[in-house]
Amino acid sequence: MFKKVLIANRGEIALRVIRACRELGIATVAVFSEADRESLHVRFADDDVCIGPPPARDSYLKIPQLIAAAEITGADAIHPGYGFLSERAEFAEIVAASNITFIGPTPDQIRQMGDKAQARRLAQEAGVPTVPGTPGPVADVDDALACARELGFPVIIKAAAGGGGKGMRVAQSEEDFGRHFQLARSEALAAFANDAVYLEKYLARPRHVEIQVMGDTHGRVAHLNERDCSVQRRHQKLIEEAPSPALTAETRSAMGAAAVKLAKRIDYVGAGTVEFLLDTDGSFYFMEMNTRIQVEHPVTEMTCGFDLVKEQIRVAAGERMEIPKGGLRLRGHAIECRVNAEDPARNFQPCPGLVTTFHPPGGPGVRVDTHLYAGYTVPPYYDSLIAKVIVHGNDRTEALARMHQALDGFIIEGVTTTIPFLGRVLMHPAFQTGDVDTKFLERESHLMQEPA
Ligand code: ADP
């Protein structure tokens, strides 16, 4: 087992990894930018190293600084968390070349799934259904338009190197296709230094349902059921739950088997997520695979009674997976709400600043993953996620009531948060009955405003 793990991340996920390391008896190293000096992950780690000025490109994305920090502190492994360098194959490569273990899949596996057009091909080869679309990247706007006509509008133009909703545009008709195509291309170039794009048919009312997978170096791949992430704003997840209110036992096992088949095809090692769109008729289509731990992993942990981050660390150290052969039994229902320092009434504009009061909720089945405390200043440089509230109940009704009281009892003063907005979404009849799709919030945009 590792002696010391460096966490190449910040915020709640850095704390999450530190906690897992502690339970495993592993020492930890925090890295931080000058804006994060007062951060909890710095305080809780055994060692800490400042890696540069506030902007991520000068600190959390600086590979030489991270490697130097690991070498100086004697870390024998690096956990990338999510975001930042977690899906950067060359980072995993440099880590390995420095004789440090990367806690995650191999550079090849990251590369194969990181190119979404290639991942689609891999899925097709593995016999996993994909959304109807182009076989690979399109050559130019004329080629693309011809493909779009064949698929039928609306279509979605996606960056092959995409992620985080960037370089993704929906064209409703031929008239606006050219404009969206160019926009997707230039966004992709700016965000990923790669302007390759491909097309998919844009489904009208899909749900986003994803399967958590885990693979070890002994050739085993298992899945830990699904998460439903259909409540989204601009293709970004806001609320996630497990199990999915829309999945039958048969579809669950078919989707799980499809995810495992794809992961096995590349001998996947570590935690990963295979994302699908579930159509209204019950058919599902592969969308992409994320080769890292995800923000919403706690809903799986709560319903499977299993620590995914500890398992990531164990399998990276070469140990056999602890997930039993028959998988893990689902227990009850879990929901996660992402709390952001943002103002929904102002187009979700980020609201960084000083947190004056902080009182997280508690009680049975309530978990809060956060790096906040009273007196902490939310810096303006990074993602505005400030807390995740996760609840577990014996069934969905209990989980809903629990989330409701948890959000009600969550007091954060000093910065504007999305808590009241999340409360309104939760109370919406469609969410109450579990009858939502990825365009639910688009239709119900009045939820962004405080009722008069
Ligand atoms: P990213 O990697 O940028 O997160 P994804 O490919 O995972 O992008 O898609 C993100 C979201 O966009 C999905 O959860 C879904 O809401 C929407 N989406 C993507 N592809 C389609 C599609 N073909 N039809 C309808 N919605 C889609």
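Me: Is H371 buried or exposed?
Reply: In this predicted model, H371 is found in the loop between β19 (366-370) and β20 (377-378). A residue counts as buried when its relative accessible area is under 20%. The relative accessibility of H371 is 5%, so H371 counts as buried.

Me: What is the distance in space between the C-alpha atoms of T370 and V339?
Reply: T370 lies in strand β19, and T370 is buried, with a relative accessible area of 12%. Along the sequence T370 and V339 are 31 residues apart, whereas from C-alpha to C-alpha the distance in space is 9.4 Å.

Me: What separation do the C-alpha atoms of R57 and L354 have?
Reply: R57 lies in the loop between β3 (47-52) and α3 (63-73), and R57 is exposed, with a relative accessible area of 61%. R57 and L354 are 297 residues apart along the chain, and their C-alpha atoms are separated by 24 Å.

Me: Is R234 buried or exposed?
Reply: R234 is found in the loop between β10 (221-233) and β11 (236-242). R234 has a positive phi of about 50° although it is not a glycine. To count as exposed, a residue needs a relative accessible area over 50%. With 59% relative accessibility, R234 counts as exposed.

Me: What is the relative accessible area of F348?
Reply: F348 is found in the loop between β15 (342-343) and β16 (349-350). Its phi is near 60°, which is a positive value in a residue other than glycine. F348 is buried, and its relative accessible area is 7%.

Me: Which residue does a cis peptide bond join to A242?
Reply: The bond in question has an omega of about -5°.

Me: What is omega for the peptide bond from F153 to P154?
Reply: P154 lies in the loop between α7 (141-151) and β6. The peptide bond that runs from F153 to P154 is cis, with omega near -5°.

Me: Which residues of α13 are buried?
Reply: Helix α13 covers residues 419-427, and seven of its nine residues are buried, so the helix is largely enclosed by the rest of the structure. These buried residues are I419, F421, L422, G423, R424, V425 and L426.

Me: Which element gives the most residues to the shell around the ligand?
Reply: In all, 21 residues surround the ligand, and the closest are G165, K201, H208, Q232 and E288. By kind, the residues of this shell divide into eight nonpolar, seven polar and six charged. The element that gives the most to the shell, with three residues, is β6.

Me: How much of the area that the ligand exposes when taken alone does the protein bury?
Reply: A nitrogen atom of the ligand is 2.9 Å from an N or O atom in the side chain of E200, and a backbone N or O atom of K201 lies 2.8 Å from a nitrogen atom of the ligand. A polar side-chain atom of H208 lies 2.7 Å from an oxygen atom of the ligand. Taken alone the ligand exposes 550 Å², and the part of this that the protein buries is 96%.

Me: What is the radius of gyration of the protein?
Reply: The secondary structure of the protein comes to 15 helices and 22 strands. For 452 residues the globule rule gives 22 Å, and the protein comes close to that value, so it is as compact as a globular protein of that length, with a radius of gyration of 21 Å.

Me: What share of the residues of the protein count as buried?
Reply: Along its principal axes the C-alpha trace of the protein spans about 60 × 55 × 45 Å. Of its 452 residues, the share that count as buried is 59%.

Methods: Residues are numbered from 1 along each chain as its sequence is written. This is a predicted model: local features need pLDDT of at least 70, side-chain atom pairs count only at pLDDT 80 or more; totals for chains, interfaces and linings use all residues. Side-chain values use heavy atoms; hydrogens and water are left out. A residue is near a molecule or strand if one of its heavy atoms lies within 4 Å of it. A polar contact is a pair of N or O atoms within 3.5 Å; within protein, one must be able to donate a hydrogen and the other to accept it, and residues adjacent in sequence count only if both atoms are side-chain atoms. Accessible areas come from the Shrake-Rupley method with a 1.4 Å probe; for residues, only the protein chains shown count as cover. Helices (H or I, at least four residues) and strands (E, at least two) are DSSP runs, numbered from the N terminus. Ala, Val, Leu, Ile, Met, Phe, Trp, Tyr, Cys and Pro count as nonpolar, Asp, Glu, Lys and Arg as charged, and the others, Gly among them, as polar. Buried means under 20% relative accessible area, exposed over 50%, partly exposed in between (1.4 Å probe, protein chains only). The radius of gyration is taken over C-alpha atoms; the globule rule is 2.2 Å times the number of residues to the power 0.38.
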